[in-house]
Amino acid sequence: MGCPLVYEGEPLHRADVALEWHELVDAGLSRLDVRCRSIPCQRPVLSVRMIGQVAPETLARVAVRAEREQAQRNVETQARKGTCQSGRSRPKPVRTFWLEGGMMMSRREAALRAG
């Protein structure tokens with residue numbers, strides 16, 4: 001699994017994992033002002049440059065956060081597609097408007113005006 005490193009100056013993302021200085025040194029990194037963004041890289045392997053490798057304990061921490069991030073993204077994707085967790089489509093509210101005498105009225109407004 002390959003995850004990008006981001007500098008401390010970048011906005012914090014929910015998938016960011018703080019790395020201790022000794023973890024960065026053990027990984028062979030010279031900069032200590034970085035975090036690991038636990039979003040596995042989707043790019044082709046040839047376009048990615050490996051700059052270090054973390055210990056298995058650190059990798060386990062990053063993997064847990066990456067799984068949590070992927071689960072959250074799946075929920076967000078389903079919500080955008082208009083399905084709920086059971087897989088059924090959510091009913092979309094229907095609002096009907098029409099022009100009456102140059103005014104746009106909803107059914108509720110029309111019923112209030114008529115009654």
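Modeller: In what follows, a residue is called buried when its relative accessible area is under 20%, exposed when that area is over 50%, and partly exposed in between, with a 1.4 Å probe and protein chains only. This is a predicted model, in which local features need pLDDT of at least 70 and side-chain atom pairs count only at pLDDT 80 or more, while totals for chains, interfaces and linings use all residues. Residues are numbered from 1 along each chain as its sequence is written, and side-chain values use heavy atoms, with hydrogens and water left out.

Biologist: Are D16 and R37 buried or exposed?
Modeller: The side chains of these two residues meet in a salt bridge, at 2.6 Å from N to O, where a salt bridge is a side-chain nitrogen of Lys or Arg within 4 Å of a carboxyl oxygen of Asp or Glu. D16 lies in strand β2 and R37 in strand β3 (residues 34-37), so the pair ties together parts 21 residues apart in sequence. As for their accessibility, both D16 and R37 are buried.

Biologist: Which residues do salt bridges that share partners join into one network?
Modeller: Side chains of opposite charge can pair when their charged atoms come close. The side chains of R31 and D33 meet in such a bridge, at 2.7 Å from N to O, with R31 partly exposed at a relative accessible area of 40% and D33 partly exposed at 29%. The network formed through shared partners consists of E8, D16, R35 and R37.

Biologist: How many residues apart in sequence are the parts that R14 and E76 tie together?
Modeller: The side chains of R14 and E76 meet in a salt bridge, at 2.8 Å from N to O. R14 lies in the loop between β1 (5-7) and β2 (16-18), whereas E76 belongs to helix α2 (residues 56-81), so the parts that this pair ties together are separated in sequence by 62 residues.

Biologist: What pattern does the protein follow along the sequence?
Modeller: The protein has three helices and five strands, where helices (H or I, at least four residues) and strands (E, at least two) are DSSP runs numbered from the N terminus. Read along the sequence, these elements give the pattern β-β-α-β-α-β-β-α.
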